[in-house]
Structures are given as structure tokens and as C-alpha cells.
Amino acid sequence: MTVMKKNQIKTVKGFNEILPPESFRWRRVEDQFRNLLEGYGFAELRLALLEPTELFTRSIGGETDIVEKEMYTFLDRSERSLTLRPEGTASVVRAFNQYSLGKISEINKLYYVGPMFRYERPQKGRYRQFYQLGAEVFGEASFYQDAETLVMLAQFFRILEIDGVVLEINSLGCEACRPSFREQLKSFLIEREASLCADCRRRLRENPLRALDCKNPTCREAVVAAPQINESLCADCQEHFSSLCGLLDDVGLDYQINSRLVRGLDYYTRTTFEFLAGELGVQNAVAAGGRYDRLVEELGGKATPAFGFAIGFERLMMLAGDKLPLSSPVIALIPLAEEALRLLFPLYVQLNRQAKVATLGFQHKSLKSQLKKADRDGVGYALIVGPDEMAKGAAICRNMQTKEQTEIGFDSLEEALKKLYHQ
Ligand code: ATP
Ligand code: MG
């Protein structure tokens with residue numbers, strides 16, 4: 001714990017920041033994500049963090065937790081209502097329409113990495129500024145697309161050596177079959193109105209599906225026997241869902257069907273899914289998403305089917321973090337005298353010019369403290385030059401792990417260090 005003096009300024013509550021050495025791990029995971037997605041043909045979008053509020057009220061839906069309670073919304077100096085983005089999909093769709101990306105290519109695979117903002121109660125796995133890795137595919141209605149994306153996500157967890165993540169899937173139907181389900185569910189809930197929480201009662205008539213997503217224990221209890229959406233799917237939605245399940249079976253990707261998985265946003269159609277990890281405790285969803293075939297059109301674009309997901313970066317790191325090695329400098333150059341520093345500086349510059357990571361202490365502090373720092377930095381080798389070594393014309397090379405030490409003559413230093421880098 002750092003001690004704060006009274007007059008120091010702190011971050012806004014719940015705004016999560018990533019410091020070294022954790023930031024090294026984040027960077028590695030982010031690189032893995034980019035490599036994997038670019039391999040699957042995705043390209044990055046870097047979008048605005050601030051959007052017109054209407055973008056979210058229209059896409060996520062008025063009777064959702066995000067829009068009703070969690071948005072950072074304010075008026076700017078010209079009295080325009082703006083919102084810090086609470087999620088990425090709405091912004092990606094806005095950009096897809098604004099820049100007519102659908103005209104550039106038939107299938108658009110786009111990904112993003114960045115912060116999201118929600119005014120929620122900060123706790124483990126839940127912050128007010130948090131990070132997501134997300135992606136959206138536009139222009140492909142086939143269940144093959146759903147399967148490809150789910151397989152890709154499972155592959156990502158495998159690359160990071162995260163086990164024990166369970167995939168839950170469901171279908172929410174389409175505009176043909178969902179309205180009658182909504183009515184069925186509404187009548188069911190009206191009969192049990194008294195046992196619903198205030199939010200669910202209020203949303204009951206406009207948006208009864210929200211009750212299926214409610215975390216309140218009495219609501220959970222009340223919906224146990226509720227009608228199940230996947231029993232009232234139209235033939236096309238039924239076909240889409242069973243074909244997806246068939247494909248996942250073919251490729252050996254395990255999943256569980258959860259008929260109550262509706263997600264907290266209104267735009268989904270057909271497939272919805274979550275990847276859950278018991279290890280995370282209460283906030284157990286590490287990634288989530290689904291199909292949203294109507295949203296592009298609802299936000300003013302040409303009717304375009306779409307499928308997407310978002311991964312919670314903090315939760316992902318809770319699962320992956322400690323297993324990942326830090327990417328650290330390979331060699332620490334340790335001078336113990338002014339003339340040694342003078343000798344090592346050109347070598348240091350030379351190594352870093354070749355993009356080989358080396359550190360050099362300019363203060364030539366004690367051997368002990370420099371070695372301690374090298375250890376803390378996770379350095380592989382330390383090259384030590386003190387007065388004795390200067391006299392001898394040879395440096396000491398110390399393997400930081402085995403503590404084994406060898407001598408390297410000054411004239412062969414560069415050559416010898418190159419070899420260490422290639423080990
Ligand atoms: P949850 O059920 O945890 O509230 P959600 O349904 O609100 O999640 P989405 O909007 O689908 O989540 O966001 C996708 C992912 O982003 C979540 O699965 C989670 O990993 C992460 N996430 C969502 N909200 C937060 C938050 N406040 N802090 C940290 N991560 C979050
Ligand atoms: Mg939430």
C-alpha cells in the first residue's frame with residue numbers, strides 16, 4: 001500500500017490503472033490477442049471514447065442496467081449530452097455506418113482494445129474504468145461465423161494457458177419469434193410480480209427479458225419455471241442454433257446450453273454466449289457476446305448481419321497473469337567505478353541500437369544494490385565491471401538464475417553478449 005499525503009491527488013474511484021510490472025504482462029496478452037485476430041483476418045479500429053449519449057440509449061436499450069444506472073453521461077460546454085463509452089459494439093457499429101465500411105469489403109472483421117466506463121460499485125473484477133478486448137464481424141449471417149468466433153476465443157484462452165473456462169450459449173430468436181416469447185414471459189412474470197425486484201417490476205411491460213438476467217435472488221427464484229426462449233424459436237432460428245451446436249460438436253468445443261442467458265443489452269438476436277470461469281468468483285464472466293443482426297440497420301445503416309464479443313481484460317489477467325513471464329531486459333550492465341561506466345556506455349548504446357534490451361546504472365551504486373535491481377527487473381545476465389576488472393581487462397558475466405559467473409575479455413564483449421541474447 002502506498003501512503004497518500006493529504007494534498008496528493010488520486011484517481012477517480014474505481015478507475016483501474018495498470019502499473020509495471022503488470023503492464024508488461026498486459027502488453028504480452030494484448031500482443032497475443034492482436035496476433036491471433038489478425039491471423040483470422042481482423043483489422044483494428046481505434047475509436048472515440050466519448051460518444052453522443054443517444055448512440056447507447058438507442059443500441060443498448062433504455063430499460064437496461066447500463067443505460068439506466070451505469071453511464072458516465074454529462075453535458076458539454078454546448079449543452080450536448082455526451083457519454084463515455086460503456087462498451088465497444090455500439091461505437092464499432094456507429095463507425096461501420098459513418099465510414100461506410102460495408103462498401104469497402106463484403107465481410108468486415110474489426111477488433112478493438114481499450115477502456116470502457118461504467119458507474120458500477122467497484123469490487124473484485126468490477127471497475128468504473130476497465131479494459132476490453134473486443135471484435136465484431138459484419139456481413140456474415142451464417143452459423144459458421146458464430147462457430148469460427150467461438151473457436152477463436154477458445155483458442156485465445158488455450159494460448160494463454162487458461163483452463164477451466166466454460167462456454168455457455170443460448171439463442172434469443174429474431175423479430176419473427178421473439179415477440180410471442182416476450183408476451184408469454186410477460187404474462188408469466190405478471191402473475192409473479194410481487195416477488196420481483198423494483199427494477200424488474202418497472203421493466204416488466206417494456207422489457208420483460210431483463211428479469212431473466214437479474215441477479216436479485218428473489219427474481220432468480222421467480223424465473224426458475226419461466227418459459228424458455230429456445231422452446232419458442234421459429235424454424236430458421238432453431239436451425240441456426242442446432243447447426244451451430246452441431247459445428248461445435250464437430251470441432252470438439254465443449255459448451256452448455258443456458259436457456260436463461262439473455263445478456264444485459266437489447267441488441268442481441270439469435271446466438272448469445274458467455275465464457276465463465278469459476279476461479280473469478282462472483283464476477284465470473286470473462287468474455288461475452290453474440291449475434292446482432294438488426295443493430296446496423298437500427299443505427300441508420302444498411303441491413304447487415306453481425307456477430308461480436310468482448311473480453312474483460314482485468315478478469316482475463318486474473319486468470320492468466322501469474323503464468324506469464326515478464327518481458328524484461330535481458331542484460332544489466334553493472335559498473336562499479338566511473339571509468340567502468342565510461343567503458344560500458346558505448347556498449348549499452350550499441351546493444352540498444354540493435355533493439356537488444358539492456359540496462360545500465362549511471363550512478364554506479366554498490367554491487368549489492370545493482371544486483372538487487374537486476375533481480376527485481378527479472379534480468380537474465382549481469383555484466384559486472386569494477387576496478388579489478390578494469391585492471392584485468394575482463395568483465396564478470398553472472399547468470400542471474402544459476403548465479404554462475406564467467407569472465408569475458410573486453411575485446412570480445414560485444415560478441416559474447418550477442419550470444420547471450422540468442423540463447
Ligand atoms: P457482468 O455480468 O460481469 O456484469 P456484463 O454482462 O455487464 O458483465 P458485458 O457488457 O458483456 O458484461 O462486457 C463483456 C465483459 O467485460 C464481461 O464479461 C466482463 O469480463 C467485462 N466487464 C463488464 N463490466 C465490467 C466492469 N465493470 N469491470 C471490469 N470488467 C467488466
Ligand atoms: Mg454488468
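This is a predicted model: local features need pLDDT of at least 70, side-chain atom pairs count only at pLDDT 80 or more; totals for chains, interfaces and linings use all residues.
Visitor: Why is arginine 203 called buried?

Guide: The relative accessible area of arginine 203 is 5%, and buried means under 20%, so arginine 203 is called buried.

Visitor: What makes glutamate 68 partly exposed?

Guide: Glutamate 68 has a relative accessible area of 32%; since buried means under 20% and exposed over 50%, with partly exposed in between, glutamate 68 is therefore partly exposed.

Visitor: How do you know that arginine 203 forms a salt bridge with glutamate 68?

Guide: The closest N and O atoms of arginine 203 and glutamate 68 are 2.7 Å apart, and the rule asks for a side-chain nitrogen of Lys or Arg within 4 Å of a carboxyl oxygen of Asp or Glu, so the pair counts as a salt bridge. This pair links distant parts of the chain, with arginine 203 in helix 8 (residues 198-203) and glutamate 68 in helix 3, 135 residues apart.

Visitor: Why is the pair of aspartate 65 and lysine 69 called a salt bridge?

Guide: The closest N and O atoms of aspartate 65 and lysine 69 are 3.7 Å apart, and the cut-off is within 4 Å, so this pair also meets the rule. Both residues lie in helix 3 (residues 65-70), four residues apart, about one turn of the helix.

Visitor: What makes the approach of arginine 126 to ligand 1 a polar contact?

Guide: A polar side-chain atom of arginine 126 lies 3.0 Å from an oxygen atom of ligand 1, and a polar contact is a pair of N or O atoms within 3.5 Å, so the term applies. Backbone atoms take part as well, with a backbone N or O atom of tyrosine 127 lying 2.9 Å from a nitrogen atom of ligand 1, and a polar backbone atom of alanine 285 lying 2.8 Å from an oxygen atom of the ligand. Taken alone ligand 1 exposes 570 Å², of which the protein buries 91%.

Visitor: Which element gives the largest share of the shell around ligand 1?

Guide: Strand 10 gives the largest share, four residues, and by class the shell has seven nonpolar, three polar and six charged residues.

Note on methods:
Residues are numbered from 1 along each chain as its sequence is written. Chains are lettered from A and ligands numbered from 1 in the order in which they are written. Side-chain values use heavy atoms; hydrogens and water are left out. A polar contact is a pair of N or O atoms within 3.5 Å; within protein, one must be able to donate a hydrogen and the other to accept it, and residues adjacent in sequence count only if both atoms are side-chain atoms. Accessible areas come from the Shrake-Rupley method with a 1.4 Å probe; for residues, only the protein chains shown count as cover. Helices (H or I, at least four residues) and strands (E, at least two) are DSSP runs, numbered from the N terminus. Ala, Val, Leu, Ile, Met, Phe, Trp, Tyr, Cys and Pro count as nonpolar, Asp, Glu, Lys and Arg as charged, and the others, Gly among them, as polar. Buried means under 20% relative accessible area, exposed over 50%, partly exposed in between (1.4 Å probe, protein chains only).
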